[in-house]
Amino acid sequence: MTDTSKLTELNANHVLHPMSMPAFDNEQPLFVERSEGVHVYDNTGKQYLDGLGGLWCVNVGHSHPKMVATIQEQAAKLAYYNTFGDVSNRPSVELAEKITGMLKPEGMSKVFFTSGGSDSVETALKLARHHWRLKGQSDKTQFISLKNAYHGVHFGGTSLNGMQNFKQNYGPLLPGCSQVDGPFPYRNPWTNDLEELGQICADILERKILHDGANNIAAFIAEPIQGAGGVIVPPANYWPLVREICDKYDILLIADEVVTGFGRSGSLFGVRGWGVAADIQCFAKGISSGYIPLGATVINDKVAEPFLEAAPNAFVAHGYTYSGHPLACAVGLTSLNIVEEENLVENAGIVGDYLLQQLQPLVERHEHIGEARGKGLMAALDLVTDKQSKTPVDPASGYSDKVSAICQENGVLIRSVGPKIILSPPLTFTKENVDTMVNTMDLAFSQVSL
Ligand code: PMP
């Protein structure tokens, strides 16, 4: 029995994969064994260019020597202790200082550490409700999110997700959660004019608030750029208009920056790219470059204020065993330092622009690529049956899966998500890496038919 067939059998017998189904787990998976820089290697030693950055997260690249050293040093010193109540540790304090320093222009002042993105969203929702309760406005419990949104897999996030497949088997969901149309330039029934689209969608949000009653709504939550929904980049006026509306109706604005935080979109934070400050920001992924699970929910003074007044009900009965995990926070601090030292935000902007440019000829050459879109080092190809109707290809056709399988055979990892191809490489990607990735995708699209 070869190593691969043995691992495959064990995998099939014992592992339930996330975002999969048991029937799939019998297929032969890619066993990723080792990684370095922008590459990963399988158990046979074959090299792959990592077009996914792990899963939108390996911002500083794989096996960075400073990250490895931090893990070794911190693990030898203090791998774990809790931070409940009045227990603390140096790495969590230093990382909180680093993050709030980075977010000074947005006025964010307090950090609540979590173990990942779903935790960060859940924390944001609970802090938002608690905030209003402390202010004597306990009816403000509802949340509004966007269609095509992805906010993780806990029940709050599941209830706010804008894609039905993430919700349909898990009801009853959290009451008081609803989705409104967000601006999707490529697929909307209204207009090709970006500014008009931003205004239309902002009006929809305002009408929803008026309909449901601002006194019932705790917060509006959105990703600065929708990631899993298909890298949907909103028009420049949308976020500023949303900020105005939230202020006008006294509704908290939550930016889910799990993908966009710390550089991926070509600005240090997604909302900063739109010139907006949110009240609460959710982070994970890039915060530790995926080397160890970590997330954070960051709040501004306005949100923090009622908690600091020591009201009888201000006890935050929310926290994770791994909140402020010293090893994870030390890794996070090193990751954010590397992002600054190696100018990775700037690189994401420059190489991201180049990526988008290089993808355009593929749109012209291949009949089933409707659009290439993105910002920074997050991009998507929208796959269609024909460009006129823009009908999404049926995921059951296996079209995008075949494209990504051919790329994998040729040493490039990209992600097929239903009728879309998603790209989110490490922020250390070079233009040469882009050429390799795009040329391989070009080849794959030439070999697959619908
Ligand atoms: N929010 C957003 C915007 C995400 O993209 C994700 C994960 N892709 C999550 C939340 C959930 O993060 P996690 O998988 O770490 O729980």
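**View 1. Strand β4 pairs with strand β10 in this predicted model.** M108 has N300 of β10 as its bridge partner. That bridge is part of the pairing between β4 and β10. Six bridges join the two strands, which run antiparallel. β10 covers residues 295–300. β4 covers residues 108–114. Five of the seven residues of β4 are buried, so the strand is largely enclosed by the rest of the structure. As a reminder, strands of a sheet pair through backbone hydrogen bonds, either parallel or antiparallel.

**View 2. Four strands form an open sheet.** The order is β1-β2-β3-β13, and the pairing is mixed. β1 (32–36) and β13 (412–413) are the edge strands, and each pairs on one side only. How many bridges join β1 to β2? Four do, and these two strands run antiparallel. β2 spans residues 39–42. V32 is bridged to D42 in β2. In a regular strand the side chains alternate between the two faces of the sheet.

**View 3. A shell of 14 residues lies around the ligand.** Which of them come nearest? They are G116, G117, S118, G152 and V258. Helix α5 (residues 117–134) gives the most to this shell, with three residues. By class, the shell holds six nonpolar, six polar and two charged residues.

**View 4. Helix α11 is mostly covered.** Of its 16 residues, 13 are buried. The helix runs over residues 326–341. Why does its length agree with expectation? At 1.5 Å a residue, its 16 residues should span 22 Å, and the end C-alpha atoms are 22 Å apart, so the two values agree. An α-helix has 3.6 residues a turn, so residues three or four places apart point the same way. N343 follows α11. The phi of N343 is positive, near 50°.

**View 5. Domain 1 meets domain 2.** Domain 1 takes in residues 31–60 + 343–447, and domain 2 takes in 68–341. Their centres, taken over C-alpha atoms, are separated by 26 Å. The contact takes 27 residues from domain 1 and 23 residues from domain 2. On the side of domain 1 that touches domain 2, at least two residues each come from α2 (53–56), α12 (344–365), β11 (369–375), β12 (378–383) and β15 (420–423). Which element supplies the largest share of that side? It is α12, with five residues. By class, that side of domain 1 has 14 nonpolar, seven polar and six charged residues.

Technical notes:
Residues are numbered from 1 along each chain as its sequence is written. This is a predicted model: local features need pLDDT of at least 70, side-chain atom pairs count only at pLDDT 80 or more; totals for chains, interfaces and linings use all residues. The expected span of a helix is 1.5 Å times one less than its number of residues. A residue is buried if 20 or more other C-beta atoms lie within 10 Å of its own, exposed if 12 or fewer, and partly exposed in between; C-beta atoms are placed from the backbone. Two strands pair if DSSP finds at least two bridges between them. A residue is near a molecule or strand if its C-beta atom, placed from the backbone, lies within 6 Å of it. Ala, Val, Leu, Ile, Met, Phe, Trp, Tyr, Cys and Pro count as nonpolar, Asp, Glu, Lys and Arg as charged, and the others, Gly among them, as polar. Domain bounds come from an automatic or database domain assignment. Two residues are in contact if their C-beta atoms, placed from the backbone, lie within 7 Å.
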